Amino acid sequence: MMVDPTLAEMGKNLNEAMKILEDGGNNSLCVFFQTSSGQDVASILQLVQNLMHDDEEEDKPSHRMQNVGEQGHMALLGHSLAAYISVLDRERLRKLITRIASDTTLWLCRLFRYESGSAYYHEDDREGLLKVCRLVINTRYEDYSTEGYTVLNSRQPVIYQSATCRPGLGQHLCSQLGLPLSSLCTVPCNTIFGSQHQMDIALLDKLIREDVETGKLPLLLIANAGTPGAGHTDKLGRLKELCEQYGMWLHIEGVNLATLALWEVSSPVTAATRSDSMTLTLGPWLGLPAVPAVTLYRHEDPALSLAAGLTSSQPVEKLRALPLWLSLQYLGHDGIVEKIRHAVELSQQLLEKLKTLASIKTSVESSGGSVEGYFAGEREVLDSLNRWLCEQLAQLVPASGVDIVELEDEGTCVRFTPLMTAAALGTQRCDVDLLVERLIELIPVLNCTLRLRLDFREEVYRHSALSYIEDLSWPGLGAVRQLEVEKINSELLVKLGDLDADLIFSTGLEFGPEKDCIFIGMATEDLDVAELVDTIAALGRDIEENGRLLENMTEVVRKGIQEAEFQLQKDNQDKLMEEGVLRQIPLVSSVLNWFSPFQSTVKGRTFNLAAGSLDSTEPTYSMKAQTGGLASPETPTSSAKRLPGQRLFQREGAGGSDSHSETSSVGQAEDLSRERFPQPTPPSPVPDEAVSVVPESPETPQRPPTQENGEVGTQEGEEEEREPEGQEAPVEETGR
């Protein structure tokens, strides 16, 4: 078989490029742009790879590219082939793109049971609906092609959409079509009877009749075959009859349209084949990257389709179907059906397992309305707990593809949409089993946390030094603040984090409303809330007392230094008066001290930190010991006992706890009492008289240091010889 060498080289280059780009940045090279000569392919791909991974940090897990598989490579190859085919001569290009477009359209219409349809391929999944609206305007307003928007003044067009449609879809249509927002009518869903996610048909009928009576033109209705939030399907058969009654265009979109490819299709979805148009997003359904969305429609006038932009006279634009054409041929009919069936079976598997869990409320089409939830409490609290649950499940079972969705009636929910994620993530039945296992493990934590939130709040109210912070958006036990001092709370958070406990202490959400608080995470069944709050209060009290002691000590030292400076100045003046002027002259002072030794009456001073007073040093040197201080009392420790292996804040005898030892020996737990109630490390005990502020040296009383040759006093060694240990020291004598 002959192969075009260019095509063969293209496939080879694509394969090599994917290998380089999928490398997680382990062989990064520094590539510089060359102005004089170009770079080779390997260097260019290496540069792209560096740009893709330059923001990854070494301490974080590498986020590798999605494993697209061989069918994904075919889709990527289609983009390269489209660029190559565009350089062919015009006649060959026209024949090729006609074959590609017709084949793809025929396959899709047969696959999704949409007979006699045409296809429009577009990158933005809203673009197909936008072009359909222009087609309907051209059809309903005969002079629109010549008169433009002025013909709309005669009868204002109205577009109807469900309240569960994608947010911003209707506004986008009005903006692109140049219509006022009054041309958009949002139809509420059933509020009393039927599903809370299906369009209220009776109310829709009433709204249409009112618009007709006021001279407006019902133009188009957007219905859902799988709402973006909960995957519900409108009553498409009844909506089609209503559209035929008022001459409206029916457009359908939604993930459940994928099930039209299966042999057995539910009757609500089957009615979608009677619609005037529908949008298919095959990329997520089949795990195909960079393939366009497809809007299938039925219309008999090619000229109006051309005017609306659904068809193009430019052959190159029809090459958008090439990646999809290649992927469909690679997968085949059976491969496409198998992928969709696998996703549906995953959804059914999870639903069957969730029915056995009393704490789980499912939102499916068979629910028939709102179901009373298991949890009791504020909706904001439940929403925060569900967000935490989704985050945990997404981390523990990443192949499940679960995410968060906000529903009007149910609030925040965990969404599992295998039709949109399974093909790309490779989700298997074992992943669903693992998801349920993790869910069973996390549900008791949610229940305990919700139940203990009230206990935690009541316990905090019992402590006057603590302030309870009401933050309904926090997924945990609650928040508390020690007084209103930021420094105390920050130090308290550090000490709580060092405890041997199963709880998580943090500063809360990054963009949360409350700051300078301590947030406690999820709780378990064996949590002793009273002990937890008592520990927080005790640690905060110790930090506050230590801080106050430090402040008081600082003030005492400051005043002591001022008093010492004053005493030094006074002693120096007294010494000067006693010695006289002649003794200040170096030569004269030596002679005077020789003939008439001088005994100074100036006494040394010592600063007592405990008493905060400035005392004389005479008792110290006469008794050879420091006196007058009291030893600092040791920090009391908790007398509570914990069994070996028991974590902090765990109640004794809690069901299902593995923290107790088999012997339950109380004697073995004596050394663990300090762990149960850890105390902050007290400041190092300061001697009562640790700081001396005297003009002489504290070791040996001496004469004034201004004397050079006439210094008098006993030597330290001589004192030790004359004074036996333990006896009172005699009064010092002066001498040369």
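I looked up Arg113 and found it partly exposed, because its relative accessibility is 33% (buried means under 20% relative accessible area, exposed over 50%, partly exposed in between, with a 1.4 Å probe and protein chains only). I note that this is a predicted model, where local features need pLDDT of at least 70, side-chain atom pairs count only at pLDDT 80 or more, and totals for chains, interfaces and linings use all residues. Residues are numbered from 1 along each chain as its sequence is written, and side-chain values use heavy atoms, with hydrogens and water left out.

I placed Arg113 in the loop between helix 4 (90–111) and strand 1 (118–122) (helices are DSSP runs of H or I, at least four residues, and strands are runs of E, at least two, numbered from the N terminus). Arg113 is not a glycine, yet has a positive phi of about 60°.

I then checked Ser116, which lies in the loop between helix 4 and strand 1. Its phi is positive, near 55°, and it is a residue other than glycine. Ser116 is exposed, at 72% relative accessible area.

Next I went to helix 9 (residues 236–246), where Leu236, Leu239, Lys240, Leu242, Cys243 and Tyr246 are buried. Seen down the helix axis, these buried residues fall within an arc of 165°, so they line one face of helix 9 (the arc is that of the directions from the axis to the C-beta atoms). On the face turned away from the buried side I found the exposed residues Glu244 and Gln245.

I listed what the buried residues of helix 9 pack against: helix 8 (201–213), strand 4 (217–224), strand 5 (249–253) and helix 10 (267–270) (contact means heavy atoms within 4.5 Å). Just after helix 9, I noted that Gly247 takes a positive phi of about 70°.
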